[in-house]
Amino acid sequence: MITEGMDLNRFILEEERKYPQATGSLSRALMAIEAATKIIVSHVRMAGLADVLGRAGQRNVYGEEVQKLDLLANEILMEQLADSGEFYALASEELEEVVFPEKGRDGKYIIALDPLDGSSNIDVNVSIGTIFSIYRKVQGTAEDFLQGGRHQVAAGYVVYGSSTMFLLTTGNGVNGFTLDPAVGLFLLSHRNLRMPDRGKIYSFNEANAPRWLQPGLRRYIEALKERGYTARYIGSMVADVHRTLIKGGIFGYPADQKNPRGKLRYLYEAAPMAFLVEQAGGRSSDGTRSLLEVRPEEIHQRVPVFLGSRQEIEDLERYLREE
Ligand code: AHG
Ligand code: MN
Ligand code: MN
């Protein structure tokens with residue numbers, strides 16, 4: 001439910017005003033992300049039609065080649081953010097190497113992106129999202145992305161669900177904005193979002209349980225079942241974490257025989273979601289410590305991920321220690 005008339009742009013500018021020394025660069029960076037995601041929304045909402053409309057001449061209504069949505073989202077973000085001049089470097093789950101845009105030479109920030117999360121859900125009309133994570137430029141090399149999640153300046157995601165929502169933290173709590181499609185504004189709908197200390201939902205791909213590397217994890221999930229928890233697993237991290245943020249509970253993608261270091265990527269998925277969850281009063285873990293304490297060694301590194309209500313993660317870590 002929309003409770004405030006404040007839109008995301010105005011919110012960003014009002015936050016900036018609290019810091020008289022701010023140059024406005026972070027605000028402009030965030031507004032560039034907002035603009036790019038609005039372009040992505042319009043494509044996401046056409047997803048089911050792209051093939052139909054494209055079939056005539058292999059072009060869609062916009063006269064563009066019909067393209068896979070995850071690659072299109074990547075192109076839109078890379079182009080828009082490079083063009084904003086606010087980012088010294090961009091890293092994307094879709095690109096092997098870090099990009100240093102020409103216009104960003106004076107940029108103070110670097111950004112890591114999962115342009116389209118949950119891509120296996122595109123064709124079946126289930127929620128997908130975009131995740132971003134911003135750090136300060138330090139040395140001006142690709143190593144700047146390896147500072148560790150604790151150094152994030154801002155992080156957020158957009159979930160393209162039954163409505164479109166933008167969740168943002170700049171280290172001062174979490175705020176959620178819902179897109180009003182009629183006016184094209186993200187309106188503040190969830191001010192200072194706080195997670196419950198405990199929930200009733202667990203969210204794991206339980207089909208992998210026989211191959212999970214930690215037996216304590218299987219015992220933990222069995223204990224949740226005994227306590228009457230329910231299971232929800234969408235398979236889009238953004239959507240699963242979004243529900244966990246609002247309703248509490250736990251989301252996890254542990255290490256298994258197929259993915260011995262976990263499946264999710266530290267830079268584009270784990271670190272930004274950990275920042276949001278911890279800023280909402282929840283906790284994150286790689287099994288032993290907060291995900292924000294992890295220092296990745298390379299940009300595409302994977303990590304076991306657990307995100308959830310404070311008490312859930314405490315219980316989980318206890319089960320993992322006891323094994
Ligand atoms: P992406 O679409 O960006 O590659 O991410 C998919 C991820 C994440 O969204 C989700 O939590 C997880 O993969 C689902 O994996 P499984 O299908 O193995 O459960
Ligand atoms: Mn992803
Ligand atoms: Mn992706």
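# Close-up views of a predicted model

**View 1. The end of helix α7 and the glycine after it.** Helix α7 is followed by Gly281, a residue with a positive phi near 90°. Helices (H or I, at least four residues) and strands (E, at least two) are DSSP runs, and they are numbered from the N terminus. Helix α7 spans residues 266-279 and is mostly covered, since 13 of its 14 residues are buried. In these legends, buried means under 20% relative accessible area, exposed means over 50%, and partly exposed lies in between, using a 1.4 Å probe and the protein chains only.

**How to read the views.** Residues are numbered from 1 along each chain as its sequence is written, while chains are lettered from A and ligands are numbered from 1 in the order in which they are written. The model is predicted, so local features need pLDDT of at least 70 and side-chain atom pairs count only at pLDDT 80 or more, whereas totals for chains, interfaces and linings use all residues, and side-chain values use heavy atoms, with hydrogens and water left out.

**View 2. The manganese ion that is ligand 2.** Three residues coordinate the manganese ion (ligand 2), namely Asp114 (OD), Asp117 (OD) and Glu269 (OE), at 1.8 to 2.2 Å. Donors are N, O and S atoms within 2.8 Å of the metal (3.2 Å for Na, K and Ca), and sites may look incomplete because water is not among the atoms. Along the chain, the donors of the manganese ion (ligand 2) follow the spacing D-x2-D-x151-E. Asp114 is buried, with a relative accessible area of 0%, and Asp117 is buried as well, with a relative accessible area of 5%.

View 3. The manganese ion (ligand 3) is coordinated by Glu93 (OE), Asp114 (OD) and Leu116 (O), at 2.3 to 2.5 Å. The donor residues of this manganese ion (ligand 3) have the sequence spacing E-x20-D-x1-L. Which residue coordinates both the manganese ion (ligand 3) and the manganese ion (ligand 2)? That residue is Asp114, and the two ions are 3.7 Å apart.

**View 4. Ligand 1 and the residues around it.** Of the 17 residues around ligand 1, the ones that come nearest are Asp117, Ser119, Asn205, Tyr233 and Tyr253; a residue is near a molecule or strand if one of its heavy atoms lies within 4 Å of it. Where polar contacts are concerned, the term stands for a pair of N or O atoms within 3.5 Å; within protein, one atom must be able to donate a hydrogen and the other to accept it, and residues adjacent in sequence count only if both atoms are side-chain atoms. A polar side-chain atom of Tyr233 lies 2.5 Å from an oxygen atom of ligand 1, and a backbone N or O atom of Met237 lies 2.8 Å from an oxygen atom of ligand 1. For Glu269, an N or O atom in the side chain is 3.4 Å from an oxygen atom of ligand 1. The protein covers 82% of the 480 Å² of accessible area that ligand 1 has on its own, where accessible areas come from the Shrake-Rupley method with a 1.4 Å probe and, for residues, only the protein chains shown count as cover.

**View 5. The make-up of the shell around ligand 1.** Strand β2 gives the most to the shell around ligand 1, with three residues. The shell divides into six nonpolar, five polar and six charged residues. Here Ala, Val, Leu, Ile, Met, Phe, Trp, Tyr, Cys and Pro count as nonpolar, Asp, Glu, Lys and Arg as charged, and the others, Gly among them, as polar. At least three residues of the shell come from each of domain 1 (8-190) and domain 2 (201-321), with domain bounds taken from an automatic or database domain assignment.

**View 6. Two asparagines with a positive phi.** Most residues other than glycine have a negative phi. Asn125 has a positive phi of about 60° although it is not a glycine, and its place is in the loop between β2 and β3 (128-136). Asn125 is exposed, with a relative accessible area of 74%. Asn192 also has a positive phi, near 45°, and lies in the loop between β7 (185-190) and β8 (201-203). At 43% relative accessibility, Asn192 counts as partly exposed.
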